Amino acid sequence: MSPVRRCSRTACGRPAVATLTYVYADSTAVLGPLATYAEPHCYDLCAEHSERLTAPRGWEVVRLAVDRTTPRHSGDDLEALADAVREAARPPASEGPPPKPAKPTTEGIDPMEVARRGHLRILRSPDS
């Protein structure tokens, strides 16, 4: 599957540069920059089809600033993403000795609960 999104118009295989959405309540068609994600209720259009777009009689077309070039990821973008992932995975810096774990209490524990790991719980079968 190609990472480049294509124009939604039938038989057009050019790369999409704009996204068309409709505001039915206002009888408005909005043509703006290519959306981050492909949505089922939006239409991706190539440069040619976005320039030739017309709306039904009585409708208004709102054209937002559109970058007509095909978006490309630079090495800097990928490096910034990799750095952000590394930073999120890094354990927080601790100052001083680690805190002592609190003693477990039986107060407020579900009797069906066998074990817990983070936010997940292992429950006893209701049959046993």
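Predicted model: local features only at pLDDT ≥ 70, side-chain atom pairs only at ≥ 80, totals over all residues.
1. Strands S1 and S2 pair in the antiparallel sense, over 6 bridges.

2. Is Ser27 buried, exposed or partly exposed? At 27% relative accessibility, Ser27 counts as partly exposed.

3. You'll find Ala11 in the segment before S1. Its relative accessibility is 84%, so Ala11 counts as exposed.

4. S1 and S3 run antiparallel and are joined by 3 bridges. Two positions to check on screen: Ala18 faces Leu45 in S3, and Thr19 faces Asp44 in S3.

5. Putting the strands together, 4 of them form an open sheet with mixed pairing, in the order S3-S1-S2-S4. Which strands stand at the edges? Strand S3 (43–45) and strand S4 (60–63) do; each has a single partner strand, so one side of each is left without a neighbour in the sheet. Neighbouring strands of this sheet are turned by 25 degrees against each other on average, with direction ignored.

6. Stepping back to the whole chain, I count from the model 2 helices and 6 strands. Reading from the N terminus, the elements run β-β-β-α-β-α-β-β. Of the 128 residues, 16% count as buried. The accessible surface comes to about 10900 Å², and 56% of that belongs to carbon and sulfur atoms. As for contacts with a separation of 6 or more, 49% are between residues 24 or more positions apart.

7. The tyrosines deserve a point of their own. Tyr22, Tyr24 and Tyr43 form a nonpolar patch on the surface, with about 340 Å² of accessible area together. Tyr22 lies in strand S1; at 30% relative accessibility, Tyr22 counts as partly exposed. Tyr24 is found in the loop between strand S1 (18–23) and strand S2 (28–33). With a relative accessible area of 61%, Tyr24 is exposed.

8. How far apart in space are Tyr24 and Trp59, C-alpha to C-alpha? The answer is 9.2 Å, although the two are 35 residues apart in sequence.

9. Next, the charged pairs. A search of the whole structure finds 3 salt bridges. One of them joins the side chains of Asp44 and Arg5, at 2.8 Å from N to O. Asp44 lies in strand S3 and Arg5 in the segment before S1, so this pair ties together parts that are 39 residues apart in sequence. Asp44 has 9% relative accessibility and therefore counts as buried. Recall that Asp44 is also the residue standing opposite Thr19.

10. A second salt bridge is between the side chains of Arg14 and Glu48, at 3.1 Å from N to O. This pair links distant parts of the chain too: Arg14 sits in the segment before S1 and Glu48 in helix H1 (residues 47–51), 34 residues apart. Both count as partly exposed, Arg14 at 37% relative accessibility and Glu48 at 35%.

11. Glu48 has another partner. Arg52 forms a salt bridge with Glu48, and the closest N and O atoms are 2.7 Å apart. At 52% relative accessibility, Arg52 counts as exposed. Which residues are linked in a network of salt bridges? They are Arg14, Glu48 and Arg52.

12. If you only have a minute with the model, I'd look at two spots. One is Asp44, a buried residue whose side chain meets that of Arg5 in a salt bridge.

Notes:
Residues numbered from 1 in each chain as written. Heavy atoms only, no water. Buried < 20%, exposed > 50% of the residue type's maximum accessible area, 1.4 Å probe, protein only. Contact = heavy atoms within 4.5 Å. Areas by Shrake-Rupley, 256 points an atom, 1.4 Å probe, with all protein chains shown as cover. Pairing = 2+ DSSP bridges. Axes fitted to C-alpha atoms, helices over the stretch in contact; angles between N-to-C directions. Patch = residues over 30% accessible without salt bridge, like charges linked within 9 Å, V, L, I, M, F, W, Y side chains within 5 Å. Salt bridge = Lys/Arg side-chain N within 4 Å of Asp/Glu carboxyl O.
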